[in-house]
Each structure stands twice: as C-alpha cells, then as structure tokens.
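Student: I would like to go through this model feature by feature. Please give the general idea each time, then the case at hand.

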Amino acid sequence: MNNKIDERAAIKKVTASIYFLQICSILLAGLPMLVGVALNFLHRNDVQGTWLESHFDWQIKTAWITIAGFSIGGMTFGSVISLIAIIGTVAYLVFRVTEGWSALRADRAIGE
C-alpha cells in the first residue's frame, strides 16, 4: 500500500516538473517543451486510468500547439504574423500551464 502511495507521489512530481518545463519554454525557445513531451510519452502508461491521465493529455496537446505556434512565429520572423503568433502562443501556454497546475495542486483532473 505504501509503495503505491510513493508511486503516485512520484508521478505527480513528474507531472509538476513537466508544467515547469513548459513554462520555461517561453524563455528557452521551446526546447524544454520537447523534454516535457518526451517525459509525457515515457510515463504515459504509469498514469493510465488515473486522474493524472487528463493532465498528461492536456500537457501533450499544449506541447504540440505551442511548438506549432513558436514555429509559425519563427518562420515568419520580422512580420506582423510573427508577432501575433508568438504573443498568442505565449498567452495560450501561460493559460494552459496555469489551469493545469491549479488542478494538479488540487489533486483533481483537468475539467473537473
């Protein structure tokens, strides 16, 4: 029983770490985002069927949309489209991390 509690605490720390990596992506050109999504896929089986599964799904979707937004911003650098893409992507990322981290701290699934 105690071992199961330790596993849950460990995977919750992984989930929190991924949110941290996602927010660090704002300053580090999205690179921590790739580490975070790799961790999501590495530990996906560990959260299957638990309330943390919704966080992993949320984080993976956040990662791919953020990477796409930063890519569009980079490919159109120097234009108005770039500015809109980067500002929109940062706002999206901050919203998603804030929502996710708040739910995680409350020990609840996303959307509850």
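Student: In which helix is Trp 58 found?

Tutor: Trp 58 is found in helix 3. Helices here are DSSP runs of H or I with at least four residues, strands are runs of E with at least two, and both are numbered from the N terminus. Before going on, note that this is a predicted model, in which local features need pLDDT of at least 70 and side-chain atom pairs count only at pLDDT 80 or more, while totals for chains, interfaces and linings use all residues. Residues are numbered from 1 along each chain as its sequence is written, and side-chain values use heavy atoms, with hydrogens and water left out.

Student: How many helices and strands are there in the chain?

Tutor: The chain has four helices and zero strands, and from the N terminus on its elements run α-α-α-α. Its C-alpha atoms fill a box of roughly 55 × 25 × 20 Å along the principal axes.

Student: Does Trp 58 count as buried or exposed?

Tutor: Buried means under 20% relative accessible area, exposed means over 50%, and partly exposed lies in between, with a 1.4 Å probe and protein chains only. Trp 58 counts as buried because its relative accessibility is 17%. Over the 112 residues of the chain, 34% count as buried.

Student: Which residues does Trp 58 touch, leaving out those up to four places away in sequence?

Tutor: A contact means heavy atoms within 4.5 Å. By that rule, and leaving out those sequence neighbours, Trp 58 touches Tyr 19, Arg 96, Glu 99, Gly 100 and Ile 110. Glu 99 is 41 residues from Trp 58 along the chain, with 9.8 Å between their C-alpha atoms. For the chain, among contacts between residues at least 6 apart in sequence, 66% join residues at least 24 apart.

Student: What span should helix 3 have, and how far apart are its end C-alpha atoms?

Tutor: The expected span of a helix is 1.5 Å times one less than its number of residues. Helix 3 has 24 residues and so should span 34 Å, and its end C-alpha atoms are 34 Å apart, in agreement. Helix 4, with 26 residues, reaches 37 Å from its first C-alpha to its last, close to the 38 Å expected.

Student: Which residues of helix 3 and helix 4 are buried?

Tutor: An α-helix has 3.6 residues a turn, so residues three or four places apart point the same way. In helix 3 the buried residues include Leu 52, His 55, Phe 56, Gln 59, Ile 60 and Ala 63. In helix 4 they include Ala 85, Thr 89, Leu 93, Arg 96, Val 97, Gly 100 and Leu 104.

Student: What does Leu 104 touch, sequence neighbours up to four places away aside?

Tutor: With those neighbours aside, Leu 104 touches Lys 12, Thr 15, Ala 16, Tyr 19, Trp 51, Leu 52 and His 55. Leu 104 is counted as buried because its relative accessible area is 2%. Thr 15 is 89 residues away from Leu 104 along the chain, and their C-alpha atoms are separated by 8.1 Å.

Student: How many residues does the largest nonpolar core have?

Tutor: In soluble globular proteins, nonpolar side chains tend to be buried together. A nonpolar core is a set of buried Ala, Val, Leu, Ile, Met, Phe, Trp, Tyr and Cys residues joined through side-chain atoms within 4.5 Å. The largest one here has 15 residues, and those with the most contacts inside it are Ile 11, Val 14, Tyr 19, Val 47, Leu 52 and Phe 56. Helix 1, helix 2, helix 3 and helix 4 each give two or more residues to this core, and helix 3 supplies the largest share, five residues.

Student: How is Asp 107 placed, and what is its phi?

Tutor: Asp 107 follows helix 4 and has a positive phi, near 55°, in a residue other than glycine. Asp 107 is partly exposed, with a relative accessible area of 46%.
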